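Here's a quick briefing to read alongside the structure. Take a look at it first, then work through the points below.

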Amino acid sequence: MSSNRIAFIGLGHMGRPMALNLARAGHALAAFDVSPAAIEAARADGLLVAETLAAAVREAGVVITMLPAGAHVLSLWQEALPHLTPGTLLVDCSTIDIESAGRAHDLAAQAGFASLDAPVSGGTKGAEAGTLTFMAGGEAAAFERARPLLEIMGSRIVHCGGPGAGQAAKICNNMILGVSMIAVAEAFVLAERLGLSPQALFDVASTSSGQCWSLTSYCPVPGPVPASPANNDYKPGFATNLMLKDLRLAKAAADASGAQTPLGHHAEQLYAGFAEAGQGDVDFSGIIRHLRDGGA
Ligand code: NAD
């Protein structure tokens with residue numbers, strides 16, 4: 001039978017601090033990554049890094065993956081499955097396409113293992129602070145087994161439904177975010193042209209029907225919300241390339257399911273233009289500069 005040990009695979013910007021929080025909470029954890037730089041950073045943090053994927057997962061009770069995209073998750077799960085002990089639970093926290101998420105659940109089920117898709121929001125700050133939001137999809141029993149671990153890495157844990165429901169929630173939420181940020185940025189650009197001060201617009205809209213997270217927590221102009229990336233030249237924050245990735249996943253899901261998401265699609269095109277202008281690493285709220293310059 002599987003043990004209480006955790007295998008954590010993918011020690012990048014998000015994975016390393018998440019693994020660290022589990023280790024600090026007292027869990028025996030074997031970490032793994034293919035990047036020498038990621039391995040070095042994880043070792044410097046005191047994480048136990050296995051030499052191979054097989055060694056990391058062999059005696060694990062839970063395998064957690066935090067990887068770039070669906071293709072990585074599918075090939076890694078395929079490679080890991082023959083080395084798992086009966087009873088091991090697979091939890092993928094990466095943001096991946098709905099189709100791959102479904103295929104990953106199928107791979108696990110065919111090999112006799114329970115699995116969960118559990119993507120996150122909250123960024124690297126949330127990963128470091130252990131305050132991520134987890135959106136989980138899978139059987140209730142798998143969710144209940146994973147919950148104590150998710151509660152160490154996050155502060156809000158939502159079971160969204162069956163296999164793939166976590167990824168569905170993630171891309172729907174981020175489509176709202178991507179579109180609403182552009183709406184807020186356009187309003188500030190128009191206000192500038194009309195001679196209305198950003199603070200005046202903020203004071204009205206933040207307590208009126210224009211209120212939304214993109215305005216009140218992540219305001220795209222400097223001043224009204226001191227912690228927003230706009231006050232730090234749009235760094236570091238949530239990179240435009242990551243927003244673009246999520247909007248492309250939303251578009252693919254909309255196309256596959258026949259949903260009409262014209263604003264989501266338009267937002268994707270606007271962020272793509274911003275990224276193509278060399279701004280892919282800039283926080284996504286920096287799109288206001290692109291809109292101001294007529295980049296739309
Ligand atoms: P990252 O690129 O920093 O880290 C990914 C890690 O996976 C890298 O260290 C890479 O070497 C490793 N990796 C790739 N293939 C591997 C393999 N076969 N075996 C072992 N390791 C492998 O990415 P990140 O920013 O940590 O994001 C991870 C996931 O979380 C992505 O799906 C991303 O969309 C999602 N996400 C990121 C953020 C964010 O703010 N960075 C926020 C929410 C969700």
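Asparagine 174 sits in helix 8 (residues 165-193), where helices are DSSP runs of H or I with at least four residues, numbered from the N terminus. Keep in mind that this is a predicted model, in which local features need pLDDT of at least 70 and side-chain atom pairs count only at pLDDT 80 or more, while totals for chains, interfaces and linings use all residues. Residues are numbered from 1 along each chain as its sequence is written, and side-chain values use heavy atoms, with hydrogens and water left out.

- Asparagine 174 counts as buried because its relative accessibility is 4% (buried is under 20% relative accessible area, exposed is over 50%, and partly exposed is in between, using a 1.4 Å probe and protein chains only).
- Leaving aside neighbours within four places in sequence, asparagine 174 is in contact with Phe238, Met243, Asp246 and Leu247 (contact means heavy atoms within 4.5 Å).
- Histidine 72 belongs to helix 4, and its 39% relative accessibility makes it partly exposed.
- Along the chain, histidine 72 and glycine 10 are 62 residues apart, and their C-alpha atoms are separated by 10.0 Å.

**Helix 2 and its two sides**

- In helix 2 (residues 36-44), the buried residues are Ala38, Ile39 and Ala42.
- Seen down the helix axis, these buried residues fall within an arc of 100 degrees, so they line one face of helix 2 (the arc is that of the directions from the helix axis to the C-beta atoms).
- What do the buried residues of helix 2 pack against? Their partner is helix 1 (15-24).
- Over on the other side of helix 2, you'll find Pro36, Ala37, Glu40 and Ala44 exposed.
- After helix 2 comes glycine 46, with a positive phi near 95 degrees.

**Around the ligand**

- There are 24 residues around the ligand, and those that come nearest are His13, Met14, Asp33, Leu67 and Lys245 (a residue is near a molecule if one of its heavy atoms lies within 4 Å of it).
- Helix 4 (70-80), helix 6 (123-129) and helix 11 (240-257) each supply at least two residues of the shell around the ligand.
- Histidine 13 has a polar side-chain atom 2.7 Å from an oxygen atom of the ligand.
- Leucine 67 has a backbone N or O atom 2.8 Å from a ligand oxygen atom, and for threonine 95 a backbone N or O atom lies 3.0 Å from one.

Technical notes:
A polar contact is a pair of N or O atoms within 3.5 Å; within protein, one must be able to donate a hydrogen and the other to accept it, and residues adjacent in sequence count only if both atoms are side-chain atoms.
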